[in-house]
Amino acid sequence: MMFAKVVAVSLLLFSASALASPDFEKTCLAFKPEKLIPGSTRNVLEYVAANTTLTFPDNVVSCNRVKQAVSGNICRVALSIQTTRDSNITFEAWLPENWSGRFLATGNGGIDGCLKYEDVAYASSQGFAAVGSNNGKNGTDGLPFFHKPETVIDFAWRSLHTSVDAGKTLAKAFYGKPHSKSYYLGCSLGGRQGVKSAEMFPDDFDGIVAGAPGVDFNNLVSWRARFFTITGAIGSPNFIPATAWKTWIHDEVLRQCDTIDGAKDGIIEDPTRCKFDPSTLLCKGTTTANCLSDQQVNQLKTIFSPFTYPNGKLIFPAMQPGSEVFAVERLYAGAPFSYSEDWFKYVVYSDPSWNASSFGISDVRAAAALNPGNIRTYPTNLRRFQKRGGKLLTYHGQQDNQITSFNTIRWYNDLKGSKSTAEMDDWVRFFRVSGMNHCSGGPGAWVLGQGGNAAAAGVPFERHRNVLSAMVEWVERGVAPEYIEGTKFVNDTVTLGVDFARRHCKYPSRNTFVGGDFKDKDNWKCE
């Protein structure tokens, strides 16, 4: 994977030259975290010296996290914490020697039970006392939810809140003083978790960075499930192969929409302005190459239209044009989207025999009505969070291949209601990141300090170029971000240098090219 090259360099860039501290190591090894957290059992307590690579031999294979480099001296705590008689979470706290006084909790992704070690490592390297958890289950499949409603509740909201309480308690005991400010960092499901925390537990965080938030979760699951019924299975009569999506269909999308922003750069800056017409791809006469049948054209029209009930009421917004190259790997792949399939099998219906090919409107209604664990997460006001001074920064890639960015626009506008943009700007800011796929990757300037691995590489902890730093500045100094500058490295490899940078605008402003070299960030303006 291309990200691996970036990761390797990021570890060098953030690697600290700190020498082992005997006092810190002694304090760490004498710590008794399990005595501070009710219902907990210690799994790990270890001092980890800077430049160590940790391995996780017991980590579930599907989580694909076998090792993690650590750049600074930390005290690593791992606990199993009982949440109810029938459920528990696996929790970790990484407590850095060079503590800034700040606390940070990390999120998860998909329907995963995978602790994001890369994000915990990233945050602790920046001086945060950082925590994460498995969100109540292990692995990426839905089987652990089967007949386990308390595990679903852990997944929906309780695991994160439990982690916050535990992490703050441990940090205070370990350092001898409470944290100064509390932050959250997550994307996708992790973005939803951050929004849910603001809704249910407004005092947990002073600042929340929520990327590509999977809000309106039940309908998101249904929207994803529906694609298999649109595309059909691989080999079915009107199935559109991946090669077509990645080449000439995507090329036609760009032909129609790339230059709307004024630049022919292979990036659709604002997909809301792209009114893609797939009928231009209809086969004519005897031509059968690089064209579509009537039924296939209708597939594209359906994909790029809102998902609605028969009466026209919205279920979920349309997929944004421009996301085809990677959306075909899962949503248009001719197979059920695994997260949605498992959610219906093991949570909505508790029926492993449920057939994804039968998905229909009745299933949408069933998921929405059940709202398991109160997971929906679609607040149209966050008054308690706003009133106590909380700040929310959200961002979304404009060619997201798993969650349409149009849904975050919808949610922001519903949250705004009749309030002015200035009122919203006081506590919530939304940035649209052109050319970014789901949380990371893509042809655009997508690296903006949004987490560990590739996203942390090569970008200084500076407010204009790093979303977490931007949040710290906003919370602690009252300096709110007007834009976030993303970085694109050549071939997504830090050692090859910067390809270009671009300032991503605060919604509802959009980026417009004013002429010259489109790779020059000064040739774009927010308006």
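**View 1. Buried side of helix α11.** In this predicted model, helix α11 spans residues 361-370, and its buried residues are D363, V364 and A367. Because these three cover an arc of only 105° around the axis, they sit on the same side of α11. An α-helix has 3.6 residues a turn, so residues three or four places apart point the same way.

**View 2. Exposed face and end of α11.** S362 and A369 are exposed and lie on the face of α11 turned away from its buried side. The residue that follows α11 is N371, which has a positive phi, near 40°.

**View 3. Position and contacts of K137.** K137 belongs to the loop that runs between β7 (129-133) and α4 (149-175). Apart from neighbours within four places in sequence, the residues in contact with K137 are I111, D112, G113, P144, F145 and T151.

View 4. K137 is buried but has no salt bridge. Which side chain of opposite charge is nearest to K137? It is that of D141, 5.4 Å away; a salt bridge would need a side-chain nitrogen of Lys or Arg within 4 Å of a carboxyl oxygen of Asp or Glu. The side chain of K137 has a polar atom 2.8 Å from the backbone oxygen of I111. For the backbone oxygen of G139, the distance to a polar atom of the K137 side chain is 2.8 Å.

Definitions and conventions. Residues numbered from 1 in each chain as written. Predicted model: local features only at pLDDT ≥ 70, side-chain atom pairs only at ≥ 80, totals over all residues. Heavy atoms only, no water. Helix = DSSP H or I, 4+ residues; strand = E, 2+ residues; numbered from the N terminus. Buried < 20%, exposed > 50% of the residue type's maximum accessible area, 1.4 Å probe, protein only. Lys, Arg positive; Asp, Glu negative; His and termini not counted. Polar contact = N/O pair within 3.5 Å; in protein donor to acceptor, adjacent residues only side chain to side chain. Contact = heavy atoms within 4.5 Å. Arc of directions from axis to C-beta.
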